Amino acid sequence: MDERVSGRVAAPVLLLALLLIFVALALYRIVAKPSETPAPIPGDVSAAVKPTPVIEPTAAEPLVPNDEAPVKRLEKPDGVAAVPDEIRKQIETLLDSMTMPPQHLQTNKKLAAVKRARDELEALLKTLPEEYAPWINALMIEEPDFVKRRLLIVGLGEIGGDYAAMALRDHYTNRLQLADGSNEVKYTVESLGKVNNPLSYDLLVSMVGKAPPEHRFRFVTEIGNHVEGARAIPLLTDVMANDESMDARNRAAQALKKVGDAASARDIESQFEVETVA
């Protein structure tokens with residue numbers, strides 16, 4: 001009987017021992033399972049560096065070529081850093097003071113204040129150095145009021161220099177070339193002539209062949225007033241003889257009187273006879 005009892009006791013003990021061994025093996029496998037992400041190799045920093053995201057480039061705004069430039073295209077630096085704060089504030093204040101009040105609020109006192117601001121700004125612009133031209137040009141482009149914009153256009157001519165010359169040429173070709181009879185064309189071309197340096201001469205000459213007939217006489221006139229106008233005698237002679245615009249022909253003849261020689265005078269007389277007969 002003792003043997004039967006001991007057998008019944010040993011069987012459960014054996015099963016319990018086998019169960020404990022099975023549980024222990026299962027726990028070992030879970031704890032010892034390798035990580036899916038391998039540990040970085042000592043000394044290898046690539047695993048600690050996140051990849052740089054790829055940014056797709058956006059399409060750049062296409063440049064509008066200006067096929068007329070005999071020199072490099074006008075760049076557009078902001079120009080603000082070159083202008084002292086005192087000058088910038090003074091010019092901006094004068095521009096604001098030039099704003100005309102509504103007609104029903106206009107008084108002699110207010111109109112006199114507008115005129116005074118305009119005169120002060122005109123005088124100030126004449127004193128500015130060439131390095132201020134980019135900022136004045138930026139003001140001119142953004143100014144919606146024609147009277148104020150006209151003053152800035154004239155100011156660019158007074159400031160002078162290559163930047164002012166190219167800014168005025170670009171203003172004409174980009175905004176005014178199709179503006180028939182625009183007063184702004186008059187002031188822009190006159191200011192380009194006022195710059196009166198070698199680049200402004202090249203730009204004036206280049207525009208004679210590109211400007212529409214109703215504008216061409218303005219460029220011809222400024223060539224005749226230019227310090228280098230004598231270089232354009234062949235061009236002026238051709239315009240006087242062949243241009244379709246009577247205004248351009250007449251202004252070419254007047255320009256030749258200023259810059260020409262004896263041969264030019266004879267050409268003028270011959271053309272005068274042709275114009276008279278016609």
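Helix axes are taken here as lines fitted to C-alpha atoms over the stretch in contact, and the angle between two helices runs from 0 to 180 degrees between their N-to-C directions. I am working from a predicted model, and I keep that in mind for every entry below.

**Entry 1, the pair α2 and α4.** I looked up how helix α2 (residues 85-97) packs with helix α4 (residues 133-142), and I found an angle of about 25° with the axes 12 Å apart. Since angles under 35 degrees count as roughly parallel, α2 and α4 are therefore roughly parallel to each other. I noted the crossing of α2 and α4 as right-handed. On the α2 side the contact is made by R88, I91, E92 and L95, and on the α4 side by W135, I136 and L139. Sorted by class, this contact of α2 with α4 holds five nonpolar residues, two charged ones and no polar ones.

Leaving aside neighbours within four places in sequence, I list I91, L95 and L152 as the residues in contact with L139. L139 and L152 lie 13 residues apart in sequence, and their C-alpha atoms are 7.7 Å apart in space.

For L236 I wrote down the partners V220, I223, G229, A252, A255, L256 and V259, with residues up to four places away in sequence not counted.

Which residues of α8 are buried? I found that helix α8 (residues 198-208) is mostly covered, with eight of its 11 residues buried, and these are L199, S200, Y201, L203, L204, S206, M207 and V208. The buried residues of α8 pack against α6, α7 (183-195), α9 (213-225) and α10 (233-242).

Lastly I checked the overall make-up, and the secondary structure comes to 12 helices and zero strands. Of the 278 residues in the protein, 36% are buried. Among contacts with a separation of 6 or more, 67% are accounted for by residues 24 or more positions apart.

Definitions and conventions. Residues numbered from 1 in each chain as written. Predicted model: local features only at pLDDT ≥ 70, side-chain atom pairs only at ≥ 80, totals over all residues. Heavy atoms only, no water. Contact = heavy atoms within 4.5 Å. Buried < 20%, exposed > 50% of the residue type's maximum accessible area, 1.4 Å probe, protein only. Helix = DSSP H or I, 4+ residues; strand = E, 2+ residues; numbered from the N terminus. Parallel < 35°, antiparallel > 145°, perpendicular 65-115°, else oblique. Left-handed = near helix turned anticlockwise from the far one by under 90°. Nonpolar A, V, L, I, M, F, W, Y, C, P; charged D, E, K, R; others polar.
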